[in-house]
2 protein chains.
Amino acid sequence: MTTFEQLATRQRACRRFDPSEDVSDPDVVAMLECAVHAPSAQNCQPWEFVVVRSPATRREFQAIVQASWTGAGEDYAREHLSPGMFADIEDSIAGGGLETAPVVVVVCADTNRVAEMWIESSIFPATQNLLLAAGSLGYGSCLTTGVPLGFKDKVVDLLQLPDSIVPMAAVFIGRPAKQLGAPRREPARQHMHREHFGVGWDE
Amino acid sequence: MTTFEQLATRQRACRRFDPSEDVSDPDVVAMLECAVHAPSAQNCQPWEFVVVRSPATRREFQAIVQASWTGAGEDYAREHLSPGMFADIEDSIAGGGLETAPVVVVVCADTNRVAEMWIESSIFPATQNLLLAAGSLGYGSCLTTGVPLGFKDKVVDLLQLPDSIVPMAAVFIGRPAKQLGAPRREPARQHMHREHFGVGWDE
């Protein structure tokens, strides 16, 4: 069995999925049951999840991701990312990789149930639980915020969201098309400080 | 061994800690190693962690939490929370429970490494990994955002944060003073929609 440390340190964005494999309804429920156990401000539980399987809507999401990438996002990425990671992202966007995910979960916040200052801190822990739960069940997943951030009106229209419901993230889920390598991260110690900023952990 | 589902669905805010128990340095590193493996926008890894053990700084945090609670937060909570949960929070704040945590990790974002629109979605998944890792090691933890949100200048001063470093959350960690009950959550199904908002999962 996988420990939490193994699960967490192996998490990696999956951007192309095996089109012959589905994500079952019970697995979607199991993942979202983990999501709703995340903390939220004063336990307000402001989340709503729209589970999308429709190929037409998934195609629209792919187009939105592509539109949000072209230009500034792409330019920034070309400059900052390794060539391998840039190619991986290009394939998922221009190459249509994300559309191969059989399920997209759009994580929304109900602004009637949470003060504006607490939306993100109440939504992204739940979103991370969703990603980890997907990993624990052998699925790959990719967290995107470009869909709701840049094209909110389009998403509201596609999913028929009422005024109080704000889309925050689109999570693509499915069996990975290929085995994913280890995630690339700087060690925690490089970003740890004792008591005051600038006092290194190993000083 | 605990499965991820068990770990995630048992997570509960801990607001009073056993003062006779510490959190070891290797455990702090192990938790933050999980944190840095969370996803971030374009893998920008914008986090910095200030690990506070100083009783004087912890006392200041307790005072900040108390100041941020008194008034609107308290009034809202009294109206919306169960009497048991309200009493638990009152004890942690007016009663000094949070100050009993031997370690407080202040999770910060380096705005030189992340665009403003991506700060929260790049910081709170890592913060949730920190909380889950604490739980997997038998620690209790409590995520608070009142410290940085309401009293940012004070936190900047206490931790000597440079201009580009923004405090986002204060996580209190230690051995729980008492065994925590099961978290109270509405079932995921009540907040799941098929394809469009308003189409219930079981319809």
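Reader: Where in chain B does Glu195(B) lie?

Author: This is a predicted model, in which local features need pLDDT of at least 70, side-chain atom pairs count only at pLDDT 80 or more, and totals for chains, interfaces and linings use all residues. Residues are numbered from 1 along each chain as its sequence is written, chains are lettered from A and ligands numbered from 1 in the order in which they are written, and side-chain values use heavy atoms, with hydrogens and water left out. Helices (DSSP runs of H or I, at least four residues) and strands (E, at least two) are numbered from the N terminus. Glu195(B) lies in the segment after strand 5 (192–194) of chain B.

Reader: What value does phi of Glu195(B) have?

Author: Most residues other than glycine have a negative phi. Glu195(B) is a residue other than glycine, yet its phi is positive, near 65°.

Reader: And Gln160(A): where is it, and what is its phi?

Author: Gln160(A) sits in the loop between helix 8 and strand 4 (165–174) of chain A. At 49% relative accessibility it counts as partly exposed, the class between buried (under 20% relative accessible area) and exposed (over 50%), with a 1.4 Å probe and protein chains only. Gln160(A) is not a glycine, but its phi is positive, about 55°.

Reader: Is Asp153(A) buried or exposed?

Author: Asp153(A) belongs to helix 8 (residues 152–159) of chain A. Its C-alpha atom is 9.6 Å from that of Pro167(A), 14 residues apart along the chain. With a relative accessibility of 65%, Asp153(A) counts as exposed.

Reader: Which residues does Val23(A) touch, beyond those up to four places away in sequence?

Author: Val23(A) is in the loop between helix 1 (4–9) and helix 2 (25–35) of chain A, and at 1% relative accessibility it counts as buried. The C-alpha atoms of Val23(A) and Ile173(A) are separated by 7.6 Å, although the two residues are 150 residues apart along the chain. Contact means heavy atoms within 4.5 Å. Leaving out residues up to four places away, Val23(A) touches Val28(A), Met31(A), Arg53(A), Pro102(A), Val103(A), Tyr139(A), Ile173(A) and Gly174(A).

Reader: What share of the contacts in chain A with a separation of 6 or more joins residues 24 or more positions apart?

Author: Chain A has eight helices and five strands, and of its 203 residues 54% count as buried. For contacts with a separation of 6 or more, the share from residues 24 or more positions apart is 80%.

Reader: In what order do the elements of chain A run, and what is its radius of gyration?

Author: From the N terminus on, the order is α-α-β-α-α-α-β-α-β-α-α-β-β. The globule rule gives 17 Å for 203 residues, and the value for chain A is close to that, so chain A is as compact as a globular protein of that length. The radius is taken over C-alpha atoms, and the rule is 2.2 Å times the number of residues to the power 0.38. The radius of gyration of chain A is 18 Å.

Reader: How far apart are the mean positions of the positive and negative charges of chain A?

Author: Lys and Arg count as positive and Asp and Glu as negative, without His and the chain ends; the places used are NZ of Lys, CZ of Arg, CG of Asp and CD of Glu. Chain A has 17 positive and 26 negative charges, and their mean positions are apart by 6 Å.

Reader: Why is strand 2 of chain B largely enclosed by the rest of the structure?

Author: In a regular strand the side chains alternate between the two faces of the sheet. On one side of strand 2, Val103(B), Val105(B), Val107(B) and Ala109(B) are buried, as are Val104(B), Val106(B), Cys108(B) and Asp110(B) on the other. Strand 2 (residues 103–110) is largely enclosed because the buried residues number eight of the eight.

Reader: How many bridges join strand 2 of chain B to strand 4 of chain B?

Author: Two strands pair if DSSP finds at least two bridges between them. Strand 1 (residues 47–52) runs antiparallel to strand 2 and is joined to it by six bridges, with Val50(B) opposite Val106(B). Between strand 2 and strand 4 (residues 165–174), also antiparallel, the number of bridges is eight.

Reader: Which residue of strand 4 of chain B is the bridge partner of Val104(B)?

Author: Ten of the ten residues of strand 4 of chain B are buried, so this strand is largely enclosed by the rest of the structure. Five bridges join strand 3 to strand 4, which run antiparallel, and Cys142(B) stands opposite Phe172(B). Val105(B) stands opposite Val171(B), while the partner of Val104(B) is Phe172(B).

Reader: Which residues is Thr145(B) in contact with, leaving aside neighbours within four places in sequence?

Author: Thr145(B) is in the loop between strand 3 (140–144) and helix 7 (146–150) of chain B. Its relative accessibility is 9%, so Thr145(B) counts as buried. Apart from those neighbours, the residues in contact with Thr145(B) are Trp118(A), Ser121(A), Phe124(B) and Met168(B).
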